[in-house]
Amino acid sequence: VTGASFVVFNGALKTSSGFLAKSSIVEDGLMVQITRETMESLRQALRDKKDFKITCGKVDSGDVKEYVDICWVENEENTNKG
């Protein structure tokens, strides 16, 4: 679990790169590089207020993958304080 002050979603990752998605810490935030298709799905999920999971890592790798989960919560009052 990583806490971040901001998240940047970059939809310019090429499918030919061999990655499903890439995540990296940038200053005090998180940058997630995703394909154009994943960006379209993410945008639709945000419009529909649905949870969304991005799997990061190499396409052909059997290793443990990283995940970026976007989750909607019922009560914002106790979330992101400070």
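Two strands count as paired if DSSP finds at least two bridges between them. Strands themselves are DSSP runs of E at least two residues long, while helices are runs of H or I with at least four residues, and both are numbered from the N terminus. The model is a predicted one, so local features need pLDDT of at least 70 and side-chain atom pairs count only at pLDDT 80 or more, whereas totals for chains, interfaces and linings use all residues. Residue numbers start from 1 along each chain as its sequence is written, and side-chain values use heavy atoms, with hydrogens and water left out.

On those terms, β2 (residues 19-26) and β4 (residues 52-58) pair in the antiparallel sense, over two bridges. The five strands build an open, mixed sheet ordered β1-β3-β2-β4-β5. At its edges sit β1 (7-13) and β5 (66-70), each pairing on one side only. From one strand to the next, the twist averages 35°; the axes here are lines fitted to C-alpha atoms (for helices, over the stretch in contact), with angles from 0 to 180 degrees between N-to-C directions.

Then there is the helix. α1 (residues 36-47) lies across β1, β3 (29-35), β4 and β5, and runs at about 115° to β3. Contact, here and below, means heavy atoms within 4.5 Å.

As for the interior, buried residues (under 20% relative accessible area; exposed is over 50%, partly exposed in between, with a 1.4 Å probe and protein chains only) account for 20% of the 82 residues in the protein chain. The largest nonpolar core has twelve residues, among them A21, L30, M39, F52, C56 and I70. At least two of its residues come from each of β3, α1, β4 and β5. Such a core is a set of buried Ala, Val, Leu, Ile, Met, Phe, Trp, Tyr and Cys residues joined through side-chain atoms within 4.5 Å. L30, one of the core residues, touches A4, F6, V7, V8, S23, S24, I25 and V68, leaving aside neighbours within four places in sequence.

What about the cysteines? C56 is buried, at 3% relative accessible area, whereas C71 is exposed at 51%. The structure holds zero disulfides, a disulfide being a pair of cysteine sulfur atoms within 2.5 Å.
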